Amino acid sequence: MDSRYAADVDLARRCAAGDPLAWERFVAEYRPVLYRAADALDPRGGARDIADSLYAELYGVKDGVKDARSAERESLLRYFQGRSSLATWLRAVLAQRYVDRLRAQRRLEPLADEEQSDRASERSLRAANRDEPADPNRARYLTLLADALSRALARLPAVDRLRLACYYVQELTLAETGRLLKEHEATSSRHLARSRRVIRLDVERQLRDAGLQDDQIAACFASVVEDPGPLDLKPLLRESLQ
Amino acid sequence: MKHADNERDTSIERMLARALRAQTSARATGDCLDAETIAAWVDDALPARERAAAQAHVADCERCQALVAAAIKTMPAPVARSPWRLSFMGWLVPLTVAAAAIAIWINVNTRRSAESRAQATAPKVAAASPQQDVALPSATAQPSISPGSPESPAPAAPQAQAPATARNKTTAHDFSDALAKREPAPPVTTPPAAPTESRAAAESAPAPAASPAPPLAETVGVAGGIAGGQRDAASKPPQGTASKAVDKMAPRAMMQGFASQEPVMIVSPDSAHRWRLLDSRGSVQHSSDGGASWETQLMGANVSAGSSPSSSICWLVGRGGVVLLSTDGRAWTRIQFPEQIDLTSIRATDDRSATVTTRDGRTFSTSDRGVSWTPQ
């Protein structure tokens, strides 16, 4: 336990033990934190039901128990160990549940979406090839580029990959990315620019090693810029793995 | 060469999201982080070794990436206060107190010496009209309020001495005349913001004619920016209230457009980082020291307005749907815009979200760094 959070641990333990005064304080101080966090996750209110359910568990009502007063309470707060502030722990638990629900929905719901996206990207690739008969190498260039990019990413230090993922995949802002990695947003920005440069140089080197001339390398990069829509590398990556 | 590198960086950028996603799905290994560990990480309470291990795992685990990203998004935004401002504010109170103490000491000392000199050289004045003793402090106090620099106490001493030495040579009658002549001037009620103008107005022209020209010239650029950054906006009368409106609308993002031949200045919230758009040469310059030195970044850029929500982020817009973004204050990336129309102003909140206004008054917003634009 971090000594900075001793008061939070004390409050959590008293709440878990059923101290009504402690619970009153918890409700006054931390309930708004929980619901603000839910709104931050989904401004349209889609995470509020998760916050409701979490709030019930923090009190000690389990799912499926209809009469809260008759059931024996078992508060979730007993798992709080004080490695962080109570507010941050609540946010992390809420975030965990939110992300897991989204992932579960994605697994259950439309595999069709993914298939559609795959089909769409294959269609766009075919269309690109159809529209540009003058450059029959485009598909090969894209595959080579995607392949090289994948290897370049794998060679980056983990923290650089994480920074890139936070920014490009999770779509955090520079300030949020910097906050996670404990650096100033300008530092995050510089590191991102450096990583992009390192990746580009690595990709260029790999393309040269694959026997491409400078003008062909330029055509490789141009083929991505010319593509008006987002480029889906999944089918390309799949092909390259086969 | 540099241009080609930038284009290739853009290509890499366009492919990164999906390539990274494919990587994380394929490479995820080890145990996922629990909420306790994520919370400790966010609160910067993880030991260095544990944090490095967590980073290594999250770099390749899609679920944990989503978890930490969601946790970070739920954290309240820190209050943006620059260290310079904090240190300055820390010194401001004692400095003000010290300056006030010095000013009072000088004023009192000067008055005492003036009074003692007056009493020594003109005892008749003091003896003949006792009520003028009451008037004396106000006479000596007047010059210290009425000069052009009311904030600086130093000039108060010589100016306070001037009437005192004059008094030494006057008779009681002359002195009361001098007081009577001073009475119409209302030094105490003079607004301290523009003491020179109000005095000039009182002396030479009727009050409405004395409009303070220099401050208005400064607001033209800002007002032009709000109106859309067009040159024809400069012909309209500048409105001070409009610049206040910008401050209220976008406290974090300073936004300006072209006005006359003045370069458009885009100032970041910390005020040290700023960009200026030079209309005549069509170039963009950057300063990281509050405008003391400038470095040219882009030449011939067709940009006319910009917005900087933080010290390293700047958005620029211009003719033909040009949108440029810099996230490190130096390198610029072209952001795609759906229409080839002139963009006249922009308001950005971070490196992903911005709202632009087109020449025909429509507004478009993006929250994904220009991947998609939504008409408002």
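Chain B holds an open sheet of four strands in the order β2-β3-β4-β5, with antiparallel pairing; two strands count as paired if DSSP finds at least two bridges between them. This is a predicted model, in which local features need pLDDT of at least 70, side-chain atom pairs count only at pLDDT 80 or more, and totals for chains, interfaces and linings use all residues. Residues are numbered from 1 along each chain as its sequence is written, while chains are lettered from A and ligands numbered from 1 in the order in which they are written. Helices (H or I, at least four residues) and strands (E, at least two) are DSSP runs, numbered from the N terminus.

**The sheet of chain B**

- β2 (264–267) and β5 (295–298) of chain B are the edge strands, each with a single partner, so one side of each has no neighbour in the sheet.
- From one strand to the next, the twist averages 30°.
- Five bridges join β3 (residues 274–278) and β4 (residues 283–287) of chain B in the antiparallel sense.
- Opposite W275(B) stands H286(B), in β4(B).

**A buried helix in chain B**

- Helix α2 (residues 35–42) of chain B has seven of its eight residues buried, so it is largely enclosed by the rest of the structure.
- The buried residues of α2(B) are A35(B), T37(B), I38(B), A39(B), A40(B), W41(B) and V42(B); buried means that 20 or more other C-beta atoms, placed from the backbone, lie within 10 Å of the residue's own.
- After α2(B) comes D44(B), with a positive phi near 60°.

**Two packed helices in chain A**

- The axes of α2 (residues 20–41) and α3 (residues 48–59) of chain A come within 8 Å and cross at roughly 150°; axes are lines fitted to C-alpha atoms, for helices over the stretch in contact, with angles from 0 to 180 degrees between N-to-C directions.
- α2(A) and α3(A) are therefore roughly antiparallel, a label for angles over 145 degrees.
- R31(A), L34(A), Y35(A) and A38(A) of α2(A) meet R48(A), I50(A), A51(A), L54(A) and Y55(A) of α3(A).
- By class, this contact has seven nonpolar, no polar and two charged residues; Ala, Val, Leu, Ile, Met, Phe, Trp, Tyr, Cys and Pro count as nonpolar, Asp, Glu, Lys and Arg as charged, and the others, Gly among them, as polar.

**Where the chains meet**

- In chain A, 61 residues are in contact with 54 residues of chain B, contact being C-beta atoms, placed from the backbone, within 7 Å.
- α4(A) gives the most to the side of chain A that touches chain B, with eleven residues.
- That side of chain A divides into 36 nonpolar, nine polar and 16 charged residues.

Note on methods. Angles under 35 degrees count as roughly parallel, over 145 as roughly antiparallel, 65 to 115 as roughly perpendicular and the rest as oblique. Two residues are in contact if their C-beta atoms, placed from the backbone, lie within 7 Å. A residue is buried if 20 or more other C-beta atoms lie within 10 Å of its own, exposed if 12 or fewer, and partly exposed in between; C-beta atoms are placed from the backbone.
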